[in-house]
Amino acid sequence: MTASLFYLFAVGLLGASLFVVLNPNPMYSVVALVFGFANLAAIYFLLEAYFIGALQVLVYAGAIMVLFLFVVMLLNVQSDADHPSLPRVFRIGSWWFGALALVFIGLFLLLVGRSALALLAPSEVPPTQIGSVSQVGEALFTRYLLPFELASLLLTVALIGTVFLAKKKI
Amino acid sequence: MNAADILSTLPELVLTVTALGLLLLEVMGKPPRARFVWVALGGVGLALGLEFAVPSEGQFYAGMISVDLFTRFFNVLFLTTAAGSLLISVPYLRRTLEERGEYYALTLFATVGMMFMAKAHDLTITFLGLELLSVSLYILVAFYRNRVRSNEAGLKYLLLGAFSTGFFLFGIALIYGSTGTTHYDGIRLAIGSGEQLSMALTVTGFGLLIIGFAFKVALVPFHMYAPDVYEGAPTPITAFVSTGPKVAGFAAFLKVIATAFAFTTQHWWGILWILAAITMTVGNITALRQDNLKRMLAFSGVAHAGYLAIAIMVGSADSAFALLFYLAAYAITTLGAFGIVSLIEGEDESGLDMDSYRGLARRSPYLAGVFALIMLSLAGFPPTAGFLGKFFIFSAAIDEGYTWLVIIAVVNSLISVYYYLRPVVAMYMQEPADESAVAVPAFIVPVLLLVVLVALGLGLFPMSLVKNSIAAAGSLF
Amino acid sequence: MVVPLHHIIAISGLLFTIGVVGVLFRRSAIIVFMSVEIMLNAVNLAFVAFSRYHGSVDGQVFVFFIMTLAAAEVAVGLAIIIALYRNLRTADLSEIHELKH
């Protein structure tokens, strides 16, 4: 049962992401991505990563995607439908860039595919109790204290930058 | 966490507090902006002093960072670079009426990021330090909010930087998946004892990590952002962007390879070999065709990343020491080069082409002399520090049997002489358009003195830096 | 749960590839940005799967930091896009040619 649910959500996630990449209208892309991230959150819950699943809904599908939606609306970004998406790229950085990119992507898929195959042996995922808020929280404030502080510094920098860059007049 | 932990990160704490203080000063009713640079420099100086006054050794914060001679070497280099870039920024900021607390604060935050990259002993810290550096730089590159070119450069840097972060993180994820840890020692133990889940996973992860680093230090073919970003950014920021991430990237790269992988990743040596070779060649050939000094220096920076990649690949104690020496010489001279470019630059980003340097020797002989010295050092003429750096790297590579790569590198160095000498020829052999001397603000003078000290002083009397770099590199092995 | 580990990693790899394709083949800055987000989410999925497999919480803590980074990067990126739009009135990467050569 859980397995079939997992594959269902995975299909939703991949489909939504493909839609984001292929669709010309940014507005639809944002909505599709929210849907995709909701699927991913469901996968996290199936994997018993409850804290991360909740964060996924709150931070990604919530805050970040709303920010995207806000900017799309604010700028009234036009769809680039009048140019077909794929071939146009070859004009960005000329044809060899596109060729190089495709070779690169092929190589990448090959490598990751090989790595995934290498995991065949230890196939089954054992059940554990590590995804709860208390366990992640405990790790965050003991062993990961310094990274936590650095992350707060990162957010401070982003805050300064956003206010400084986006404000019309300071 | 205990007192020893705090003491081990004291310089970083001082810089952070200084940066936050500057931000507070900025929001005061009438900010004393002319004094900001002194506050920032005071913070940097204090951090530099604490680096020596309160030395630590060992692992701190539950093994998240390790402090030793290696990190001290790089901290001193980062702090010097930060101070130099603050100094060359001041005249530019005042001329363009953009002197603000945020600028200095972001420079300091970026420096903190670099320092943590060198100190990191866990991929979590490597990643967060790298991002602290990168995000600060994205903002700094786009700092001139009303210049379209500055915005565009910032956006381009950010999008490609975020793209490369994706690869970096996927690499970490695969390494974590294979070894079950992100701690450098843990990774080494897992690989050494054969307890990793699968070799293929580790190797793929390490390859993706290489892509992430290659973006940050601008190795071909991951360099495409560099020229545009360097050209579009305000010149003092270009100085910082072309030194800071490169030095910090190579420092972290070397530490990861030496500490976490113990040079056991030969699967990728072929790829690194090719990367180094094409990086040198593409960088130098493209630099030949540039007429804009900022673009030329950008491509020359790409070429230097190629030489440095040789040192990474060779992976002996000798090459690690050579890498450190080269990075120190490269960072300081490049900083000076961009400092002088920002002086010659006129209003509205004019005066960046080769013609603006015609007859500079007659207009300002000292300035022209320093610039010529920088060019000679970057090209690798004896008796400059740049020559010694190249010599150390090449001889370390030959010792390990990379003769062909060294031959390619030497041919490349010869090619690079042509474009490095172009501004020198323009300065000394051509007639100036006007005879007026270039005004040299007092802030730039210490940077120029430092450049002379490094390029010529270390070229003639290299032993002090050699000793320090050998000791610093030694703590990795 | 009976899903084998390599299936999850394969899905994560596919998702990552979709993101890479989006970055390389699209021109709208906002869509490129969303593609980067897709890449980061692929990484997160891999981390969570491995974290569960190893029975260690480290991977999930790393996901927390990646989410922090994503938020920071998106905020700064969208601010730059707004600044650019104010100066140029476009968010289409193809219109940004001042730096092209």
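Between which two helices of chain B does the loop holding Pro383(B) lie? I found Pro383(B) in the loop between α16 (365-379) and α17 (385-399) of chain B. For the record, my helices (H or I, at least four residues) and strands (E, at least two) are DSSP runs, numbered from the N terminus.

**Ground rules**

I am reading a predicted model, where local features need pLDDT of at least 70, side-chain atom pairs count only at pLDDT 80 or more, and totals for chains, interfaces and linings use all residues. Residues are numbered from 1 along each chain as its sequence is written, while chains are lettered from A and ligands numbered from 1 in the order in which they are written.

**Cis peptides in chain B**

I looked up Pro383(B) for its peptide bond: the one joining Pro382(B) and Pro383(B) is cis, with omega about 5°. I noted another cis bond between Val220(B) and Pro221(B), with omega about 0°. Pro221(B) sits in the loop between α9 (199-216) and α10 (225-232) of chain B. As background, most residues other than glycine have a negative phi, and most peptide bonds are trans.

**Positive phi values**

Next I checked phi. Ala62(B) is not a glycine, yet has a positive phi of about 55°. I placed Ala62(B) in the loop between β1 (58-60) and β2 (65-67) of chain B. For burial I count other C-beta atoms, placed from the backbone, within 10 Å of a residue's own: 20 or more is buried, 12 or fewer is exposed, and in between is partly exposed. Ala62(B) has 15 such neighbours inside 10 Å, so I logged it as partly exposed.

In chain A, Glu48(A) has a positive phi near 65°. Glu48(A) lies in the loop between α2 and α3 of chain A, and with 18 other C-beta atoms within 10 Å it is partly exposed.

**Helix α3 of chain A**

I followed the chain on into α3(A), residues 50-75. Its 26 residues reach 36 Å from first C-alpha to last, close to the 38 Å expected at 1.5 Å a residue; the expected span is 1.5 Å times one less than the number of residues. I found a bend of about 30° at Gln56(A), taken as the angle between axes fitted to the seven residues ending there and the seven starting there.

Which parts of the model do the buried residues of α3(A) pack against? They pack against α2 (26-46) and α6 (133-141) of chain A, together with α2 and α3 of chain C. Among these buried residues are Phe51(A), Gln56(A), Tyr60(A), Phe68(A) and Leu75(A). Just after α3(A), Asn76(A) takes a positive phi of about 50°.

Chain A as a whole has seven helices and zero strands, and 36% of its 170 residues are buried.

**Chain B overall**

I counted 20 helices and two strands in chain B. The radius of gyration of chain B is 21 Å, close to the 23 Å that the globule rule gives for 477 residues, so it is as compact as a globular protein of that length. That radius is taken over C-alpha atoms, and the rule is 2.2 Å times the number of residues to the power 0.38. The C-alpha trace of chain B spans about 70 × 60 × 40 Å along its principal axes, and 64% of the 477 residues count as buried.

I also looked at α7(B), residues 148-179: its end C-alpha atoms are 46 Å apart, which agrees with the 46 Å that its 32 residues should span. Of those 32 residues, 30 are buried. Gly180(B) follows α7(B) with a positive phi near 80°.

**Core and contacts**

The largest nonpolar core has 295 residues, and Val141(B) and Leu154(A) are among those with the most contacts inside it. Such a core is a set of buried Ala, Val, Leu, Ile, Met, Phe, Trp, Tyr and Cys residues joined through C-beta atoms within 7 Å. Contact means C-beta atoms, placed from the backbone, within 7 Å. Beyond four places in sequence, the contacts of Val141(B) include Ala153(B), Tyr157(B) and Val229(B).

**Where chains B and C meet**

Last, I noted that this contact takes 34 residues from chain C and 34 residues from chain B. On the chain C side, α3(C) gives the most, with 16 residues.

Terms used
Two residues are in contact if their C-beta atoms, placed from the backbone, lie within 7 Å.
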